[in-house]
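Subject: Structure handover

Hello,

I am passing this structure on to you. Please look it over first; my notes follow below it.

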Amino acid sequence: MRHALALLAPLLGLGLGLSLSQLAAGATDCKSLGPAEPLTFTPAARARWLAPRVRAPGLLDSLYGTVHRFLSVVQLNPFPSGGAVRGGLRGVRRGRGPLLAAGARCRALLLLLPLPPALRGASEDRAQGAGLIGVICALVTNQRTHEQMGPSVEAVPETLLSLRGLVSDVPQELQAVAQQFSLPQERVLEELDGVGVSIGSAVHTQLRSAVYPLLAAVGSLGQALQVSMQHLQALNATVVELQAGQQDLEPALQEQRDRLLQLLQEAGCQGDCAGALSRARTLELGADFSQVPSVDHVLHRLKGVPEAKFSSMVQEENSTFNALPTLAAMQMSSVVQELKKAVAQQPEGLRTLAEGFPGSEAASRWAQALQEVEESSRPYLQEVQRYETYRWIVGCVLCSVVLLVALCNLLGLNLGIWGLSAREDPSHPEAKGEAGARFLMAGVGLSFLFAAPLILLVFATFLVGGNVQTLVCRSWESGELFEFADTPGNLPPSMNLSHLLGLRKNISIRQAYRQCKKGAALWTVLQLNDSYDLEEHLDISQYTNKLWQELQSLKVDTQSLELLSSAARRDLEALQSSGLQRVHYPDFLVQIQRPVVKTSMEQLAQELEGLAQAQGSSVLGQRLQKEAHGLRNLHQEKVVPQQSLVAKLNLSVRALESSAPNLQLETSDVLTNVTYLKGELPAWATRILRNVSECFLAREMGYFSQYVAWVREEVTQRIATCQPLSGALDNSHVILCDMMADPWNAFWFCLAWCTFFLIPSIVFAVKTSKYFRPIRKRLSSTSSEETQLFHIPRVTSLKL
């Protein structure tokens, strides 16, 4: 307790002083209320965003790259700068390039025909292997083209529908934006229901740093006062008992000393009677408690103290202080109702947000044009899918024929070579060689029958795919297509972008595409900020002014917080004027430190018992034994109780000596701080209330600011965004070039590759089959047929 009281007073003064200085400074602390929570607004723009289409990387990418390089070699002319007719004619002229190149390569392959039979067989194997790879690639690309044609065609009306709906519902979307003003309204109205408790809690939080330590100090001081009163009363009672005990003990000691002096001075006493006689002379009182100062005047001034129950009082004051949020809510209820009325109104600017929004006429024309394009494109798209099915069937049939030719050739070669190796055995039949020759000639027949359809299919698919790649895709990627569209006179007036969308006169497709690609909105592209003042519609300053005026009338009454009851104040004032700290406690300690009896009665009794044993006279020994017993009884009956009282007095004196000065200082500090805080508490509460009201207003304005920021972003970046336009163009490029043109061109390229090997295959098959036939059949052939390089035997001689 002594150390606690010694530390409590300076800490109380320092902590309370810091708290009071912070309250006096009136610093605004908004952490108790916290910032405005993020609101979640429902996007007003409808979900018309086109997902970017990307062709997944695969094994055919290297084949597509080869086709691109091939077309770049055979088509070197730049994109036409004139009209569409001249560009189409030039594309037709360019379509002859790959066919001429293919013819040159065929003639080069024919030079391999004069090779010896062994080399021709090896070349035939390699040619058939290359042709087999080509036909497999043709089948794969044919199937890939067919698989991607359906989704690609279906994406066209989907894209047009999304673009048409992009701007047709702008007024409705603006109205949906304005309607979501109810979100911050509802949140503010919800928080206004608890604004009294919130502000009261904030006031409570900032005042508790001063109130709680002070109430704790009052409770601690009341406990210290109670303990000090107990020690003071115990001190006074103990002194009275000690004084009464000494008055009873002193005659008994005198009587005992007189008898011992007479007995020890007899002539017949044997042993160390002189030593015992010397100690018997000191058998008298050591401490004189009649010399200690009186505390009656202190007790008189503290009569009836403590009158107050400090623990109950502190608990009651804490409860009153903790009820401050509820009390504030009750006091603010009428003002909160006025605040709710102000918040429930919608700003005039938001009600007219959708009215007068520019671009509605242009959006209507754009939507109508897109609708016409969508409706007119559906029949053509259905026809495209139907003809694609025919093309796929023809491609599968021709690829199957080429595959059958390759298989016939490979099977004929293997059977023929097997038959040649078995001719060394005369008993072995020549059926294998005959079968190999027949398979080779069957491949020749199929090649003659389907060569023309193959060439026609290659030419038709190349004419479409090759020109799409060179005229559209390549120029699209390089930007030449945009330059062509931006050049005046190349497009009809009905397709003019500025006329169709109501854009600026100097806008171009390339510029609009680049702006949309970067995420710009039609708000920026059309420069709508020059013709539509969005900030005027989003002005909510009326809310700030109205809410601030209403918040100024908020008040919190702290008069019910007493901090210190009148009875407790009287107790502390009585303690302060009691003079408890002026009692001279060292005078008590002087007597306490002295023994109750100057000599040790037990030691003297023990010495007398020893002398009794040493006496020659039994009478004298008995008398000494009797005196020793009397000393012991006197010590137990009167001295031991006195020693217990001295120990009790020592405890009380030392407790009062250490606590009295600090107790007086703490009492003075508590009374001063209670008086000061009680007087300043209303002003501090009002100042805190004003600061917290500002924080509350800033928090509620944060919800409206979120709404304004969301509206600004929604209107300028999402509702009227043109990013779907660039996305539609990018998806169109992916659909047309990556998903349709690439597999389409890869198909005719692989089919042309197989066609290149048909003529060498025919020649090799004819020249090789005669070596596989039996000897009897070969002898029937004329020698001229064997020597002529390109002579093709008649089918009748084969006897198939």
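The S-S bond of C473 and C737 has a torsion of about -100°, so this disulfide is left-handed. Its sulfurs lie 2.0 Å apart; a disulfide here is a pair of cysteine sulfur atoms within 2.5 Å. The pair links distant parts of the chain, 264 residues apart: C473 sits in helix 15 and C737 in helix 26 (residues 723-756). Helices are DSSP runs (H or I, at least four residues), numbered from the N terminus. Both C473 and C737 are buried, meaning under 20% relative accessible area (1.4 Å probe, protein chains only).

This is a predicted model: local features need pLDDT of at least 70, side-chain atom pairs count only at pLDDT 80 or more, and totals for chains, interfaces and linings use all residues. Residues are numbered from 1 along each chain as its sequence is written, and side-chain values use heavy atoms, without hydrogens and water.

How many disulfides are there by this rule? The count is 2. The other entry joins C269 to C273, S to S 1.8 Å. Its torsion is about -85°, so it is left-handed. C269 and C273 are both buried.

Two cysteines to check:
- The sulfur of C396 is 6.8 Å from the closest cysteine sulfur, in C399, too far for a bond.
- C750 is in no disulfide; the nearest cysteine sulfur, that of C137, is 4.6 Å away. C750 is buried, at 4% relative accessible area.

Helix 15 (residues 431-478) also holds T461. T461 is buried, with a relative accessible area of 2%.

Best wishes

Notes:
Helices (H or I, at least four residues) and strands (E, at least two) are DSSP runs, numbered from the N terminus. Buried means under 20% relative accessible area, exposed over 50%, partly exposed in between (1.4 Å probe, protein chains only).
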